[in-house]
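User: I would like to go through this model and see what each term rests on. Please set the values against the definitions.

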Amino acid sequence: MNTATDTRETDLPRPGAFDPVATWLLVICAMVFAMIILGGVTRLTQSGLSMVDWHPVTGWLPPLTEAAWQAAFDAYRKSPEYRHINAGMSLGGFQEIFWLEYLHRLFGRVIGIVFLVPFAWFLAKGRLNGPIRGKCVILFVLGGLQGVLGWYMVKSGLVDEPSVSQYRLAAHLSLALVIYLYALWTALDIIQPRYAVMPRGRSRFVAWATGLLGFIFLTVFSGALVAGLDAGLMYNTFPLMEGRLLPADAFQLRPVYLNFFEDRATVQFDHRVLAVATVCLVLVFWAAVRRSDAPRDLKQGAGFMALVVLAQAGIGIATLLTAVPVALGALHQAGAVMLLTSALWCLHQARR
């Protein structure tokens, strides 16, 4: 019996049966999840611009000699971040910020190896026939693009200003989330078959869950803009923004649409509105599913998503009120991934 040929029930493992392809993809999901959190910590500790060059094939090893460390430090001292923020930093201080960015890049390479080696083995054994093989090829291409996009993001902080473009940061995070969600969806397709034709009455749950997943993704994207602009370091009050619902300095840019992407006050306001709307929509979805004749797994998934969104809202408020400490900022990013995971799970259960 082929275990990963397509999404028809007859070609999939029995419920509870072990499937190595699905297990491999779930391991990739766990590693990408960890990579997203590590990337967040790297950004929060201002370590992301410590490596000013990129050697995707040969850059596996860190500096191993004092001369190599000095050369890396000399290159960093030519960067805007050193000139404008860290002028006078010692070599020891440079090493502290270097290691996080190095580990972030190294872990990305490790994920590539963990993906590529089993992928080649499964191909050789004929375990990736049909659409699953195409989906894995797409994942491989997206992973390569993510590495290029990561360097494209870093380059934006090595030219004039010691900060990366919020657009590139949001794109980098979004692509990481797409890879994570696509790998998770593919694994779930192997483990749990989906309907080729939706049964009557189930389509409304699919539509709700699809819209909710998209809205949560938009909210996370807006959070990436907040991070890229350091907008979380201003208006550290809740629910009002220094006593006002809409801050006085919002929507000052022209043309108006730029405010949603480049004005710090407006970007934080947008994220607040989207976050509150997300909480409300998830709770409405949970209440509607709970009162319906939806399958038990979908009801459980909706209940879990409701718990996650409430926890995420609490973490987000605490992160804002305390001016984004590293631990809470990383936890808030992890909560965003968990919320997307629960939304994807609900969508897959609705289509199951």
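Analyst: Helices (H or I, at least four residues) and strands (E, at least two) are DSSP runs, numbered from the N terminus. The model is predicted, so local features need pLDDT of at least 70 and side-chain atom pairs pLDDT 80 or more, while totals for chains, interfaces and linings use all residues. Residues are numbered from 1 along each chain as its sequence is written, and side-chain values use heavy atoms, without hydrogens and water.

User: What does the secondary structure of the protein come to?

Analyst: Eleven helices and zero strands. Along the sequence the pattern reads α-α-α-α-α-α-α-α-α-α-α.

User: How do you know whether the radius of gyration agrees with a compact globule?

Analyst: The radius is taken over C-alpha atoms, and the globule rule is 2.2 Å times the number of residues to the power 0.38. For 352 residues a compact globule would have a value near 20 Å; the protein has 22 Å, which therefore agrees. The C-alpha atoms fill a box of roughly 65 × 55 × 35 Å along the principal axes.

User: Why is Ile216 called buried?

Analyst: Buried means under 20% relative accessible area, exposed over 50%, and partly exposed in between (1.4 Å probe, protein chains only). Ile216 has 1%, so Ile216 is buried. Buried residues make up 48% of the 352 residues in the protein.

User: Which residues does Ile216 touch?

Analyst: A contact means heavy atoms within 4.5 Å. Leaving out residues up to four places away in sequence, Ile216 touches Thr278, Val282, Met305, Leu339, Leu340 and Ala343. Ile216 sits in helix H7 (residues 203-228). Leu339 is 123 residues from Ile216 in sequence, with 7.7 Å between their C-alpha atoms.

User: What makes a site a pocket, and what is the volume of the second largest pocket?

Analyst: On a 1 Å grid over the protein atoms alone, a cavity is a set of points where a 1.4 Å probe fits but cannot get out; a pocket is an open set with protein on both sides within 12 Å along at least five of seven lines, and lining residues have an atom within 4 Å of a point. The second largest pocket has a volume of about 310 Å³.

User: Which helices each supply at least two residues of its lining?

Analyst: Helix H2 (66-76) and helix H4 (91-124) do, and H4 gives the largest share, five residues. The lining has 20 residues, of which Met51, Asp53, His55, Ala72 and Phe98 lie nearest the centre of the pocket.

Conventions
Points joined across faces, edges and corners; volume = space filled by probe spheres on them.
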